[in-house]
Amino acid sequence: MIHRGRQRFRLAGARVNLGSGDDCTAGVFFEPKDRRKLPKMKCNRLFSRGVSKRSAIQCGGSHLQRLPRWLTLLLVSLTMLLVWGHPGTVEAQFFERALVLEGVHIPGPDGGVLEDSNIILRGGRIVELGPDSDAPMMSKKLKVKGLFATAGLTDLSSTLTLDEVRSSSAIHSAWDGFDRYDSQQILRTLASGVTKIHLIPMGPSGIVGRVSSLSLGSREEGGYGILHSEDVALCIDLSSGTPLERIRTYEKVRGALKSAQKMRESLDDYTSDLEEYIEDLAEAAKKKAQEKAEEKDKEKDDKDDKDDKAEDGDEKDEKDEEGPKKPDRLERDPAAEILLQVLDHELPVMITARRSADLQNAIDLIEEFQLSAILRGADEAHLVLEALAKLEKVSLLLEVPRSSLTRGAGPRRDPHLIAQLDEEGISWAVGSGGESTSLWRSIQQLSGQLSTASPLPLALAQGAQGPFGGWLRRGATEVVLWEGNPAEDPLARPNRVIINGTVVWQRPSGTREGSF
Amino acid sequence: MKSGNRWWLWILTGWIGWCTTVEGSENSVVIRPVAVVAPDGSICEQMAVVIHSDGTIAAVIPADQADPALTTVHAAAGSVLTPGLHDLFGALGCGQDALLAGTVLFDSQLDAAAAFDPTTGALERAARHGILYTTVAAVPSGIRNGSSATFLCKSDATAHPVAAGRPMYALADSVLQSSREPTSRSAMVSLWKDFIVEGAGQNRDPGVLFCPDAIDFRQSLSLRWKSLPVLVHQGDARSPVERLAGKGALMVVGPFLEDGNPAAVATAVRAARTGTELAFRGGLPAAPANHLRGSAAIAVAAGLDGDAARRALFSNPARVVVGHGIGVIEPGARADLVLFSADPLDPAARVLQVWRGGQQLGMNTFDSIRDLGGIR
């Protein structure tokens, strides 16, 4: 819309009809002489692309030079390619309003804090952050001044919303049991700063199912949970039941892996048989073709012995009909195929083992089948430390150790376990083992064992890779805003959680806290 | 007067007392420089606590004013000195069955102290985790369930009581029995009304009332109390809890579990916002030793103020059992102290030292695998 009441004004990025039927996107400075007739306006400066020469001259823009046709075509093609190739990204980058978190403090890996910084998100991703980042025009600003921003926490061992769901096969995925509409539980987890989880399937002992990884962002179609992968690891539980049941479970799992091995041998046999069969088939076909050709040549010569040859031909046909025998195809077994992935190191295995005896069983399995394994729980790992140290592809996923006053109440735990693991060079991580709400407290507790200055680096290192670990950086989609500095203040609590540019959780105001 | 001003006045009084009475006492021990948890739950930095040879606190003074000639325990940087933790209405020092009450509806003779076994080793183990007091009470199977008993956590031939017993009451389903009256909730409430308005309950110590569920809590508040008892609640009473506003109530909550009922935590947080003072239950010895602090950390994460959480851990449990000289660090109080490596609400905080009646406990019992093996 053009406002006629002004003496001089600018239209930036406006769609301008140039009076000749052509229109263009342009930035124009007008000095209206006759306020009633726009075409008579003096256009003192015009910058545009794709404007026809005639239109530009009509507008007094004769100084403009037309772009070469090839360049115009190239630009148009590139734009089209970009828009059609990545419509979501392009739309997000160019047409979505930026979200700006103004005046936040950002704790860094060196222990310092970037104070009064802006975080700019476009299309759900951080595109800029730091004290020098200026908020773009027309951006959406969030009043979060004084809050501390970190990346979201990742719980590597969560059973969120899986209360009643039980699975007992390698083909079962934990994602299948995730209740994305259980907003109460999910929001409680988000309120603790956890934005990503590895969902551990629950079920009777033995092979339980596959671990899934997901983000707790809100979904367009309702509910929460965006799946990243359904094949994080295969979960095996060796710690449930009585000692006798645990031994049986171990034998059962071993048997399943053995039969998977046998199945692979049979598959290999089948493959080689099939190859042989194909070769035989080709040879047979070649032979038949040769014989047919020979027959045709001899047909004319041997007209006299017609009756005898006909008899011989019948015999040969019978032989050809028999041909090579096709090998029987093995019946598909999806569960065994997943076990084969485990044996081929395509899928790691997560073995739940808490007591030393269970850990020893797990170690035997890992050694026998050369598994890439994660040992979950591992409370009594200090009792089998030497055996663990000998394994190459093994890491520990620890859960919250809680000391009990009751004798024999649970596995024995050593307060110096982490130091011993570090000494032996065994990698470890921390998981909540439950609804994920306790993850931050668990990490704080373990950081006390480590005597580290801050639990934050340990928390952000969970499930993160690369030199920056899980620290807030460009490209990140999850931001947690804390009321205090989580690196220093043990009582710091999350205030807001932002995933993919959406505030998925916000701490209710004082009077409404704990409301229905 | 603001609590902060009161705290400074209290330090000043302590300092004057220190100057006049304790100065030069050779058997005294001073812990400094250390952050101290004040009775209002706040943390005062750079303090010194002087322990008298009789096992009481002689003074709480700024660290730079302590006599350098005294035997000094140098506290680690960042460490926080607190009163002993207090496990309320658990079974620490008792077998679970020992606390069963009889079938009498109004049993004023029942004494929980009779079920207490001071020789049990769990008391000593609890002390090394910073839990220095235990209050036991009978299972609430009648309207009046005798009296509570509070002891020092010390494995010994004789028990060391630190507070007088308080009458224990119940308005809960556990009171209803088929073998005697009342057999219905309405009958129970009716008996309660008679007891409060006309009967013996009118002018006595309101004591401690078990009202574990929301309905118990609501019906308890509807009774005409002359003075409100200590309410022991562990359910979801988010709605009726608003009625506690302005009543100066004291409420025992928990124990809170990780992945436990969030409504129970929200109830406690809302109660605190109405001005109700809280005290945490630990559920020992079945629950983990650090469960009291765990409950506090869960409540803080749910929105409870840090000072209120520290009061709920230390000073308020002493108010529940009307214990004098326990639960606070002030001149004249028992020198039952715990030195944590950080704020006790920090899950990373560890128990560094424990003083029980001024005596320092050895803390290296659980530091080796061999010792851990012996616990099982």
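Helix α8 of chain A, spanning residues 334–343, has A:Ala336, A:Ile338, A:Leu339 and A:Val342 as buried residues. Looking down the axis of α8(A), these buried residues fall within an arc of 155°, so they line one face of the helix. After α8(A) comes A:His345, which has a positive phi, near 65°. All of this is read from a predicted model.

Stepping back to the whole of chain A, there are 13 helices and 19 strands. The chain runs to 516 residues, and buried residues account for 36% of them. Take the contacts in chain A between residues at least 6 apart in sequence: 63% of these join residues at least 24 apart.

Now for the sheet. Eight strands of chain A make up an open sheet with mixed pairing, in the order β9-β10-β11-β12-β13-β14-β15-β16. At its edges sit β9 (153–158) and β16 (427–430) of chain A, each of which pairs on one side only. From one strand to the next, the twist averages 30°. One bridge pairs A:Gly206 with A:Asp237 of β12(A). As for what holds such neighbours together, strands of a sheet pair through backbone hydrogen bonds, either parallel or antiparallel.

A helix also packs against this part of chain A. Helix α9 (residues 356–369) lies across β13 (349–353), β14 (373–377) and β15 (394–398) of chain A. Relative to β13(A), α9 runs at about 155°.

That leaves the nonpolar cores, and here chain B comes in. The largest nonpolar core has 119 residues, and the members touching the most others are B:Val36, B:Val49, B:Leu81 and B:Ala299. Both domain 1 (3–84 + 333–360) and domain 2 (85–320) of chain B give residues to this core, so it lies between them. B:Val49 makes a handy example: setting aside neighbours within four places in sequence, this residue is in contact with B:Val30, B:Ile31, B:Val34, B:Val36, B:Ile57, B:Val60, B:Leu81 and B:Ile329. Another core, of 96 residues, lies apart from the largest one, and its members include A:Phe178, A:Val384, A:Leu388 and A:Val480.

Definitions and conventions. Residues are numbered from 1 along each chain as its sequence is written. Chains are lettered from A and ligands numbered from 1 in the order in which they are written. This is a predicted model: local features need pLDDT of at least 70, side-chain atom pairs count only at pLDDT 80 or more; totals for chains, interfaces and linings use all residues. A residue is buried if 20 or more other C-beta atoms lie within 10 Å of its own, exposed if 12 or fewer, and partly exposed in between; C-beta atoms are placed from the backbone. Helices (H or I, at least four residues) and strands (E, at least two) are DSSP runs, numbered from the N terminus. The arc is that of the directions from the helix axis to the C-beta atoms. Two residues are in contact if their C-beta atoms, placed from the backbone, lie within 7 Å. Two strands pair if DSSP finds at least two bridges between them. Axes are lines fitted to C-alpha atoms, for helices over the stretch in contact, and angles run from 0 to 180 degrees between N-to-C directions. A nonpolar core is a set of buried Ala, Val, Leu, Ile, Met, Phe, Trp, Tyr and Cys residues joined through C-beta atoms within 7 Å. Domain bounds come from an automatic or database domain assignment.
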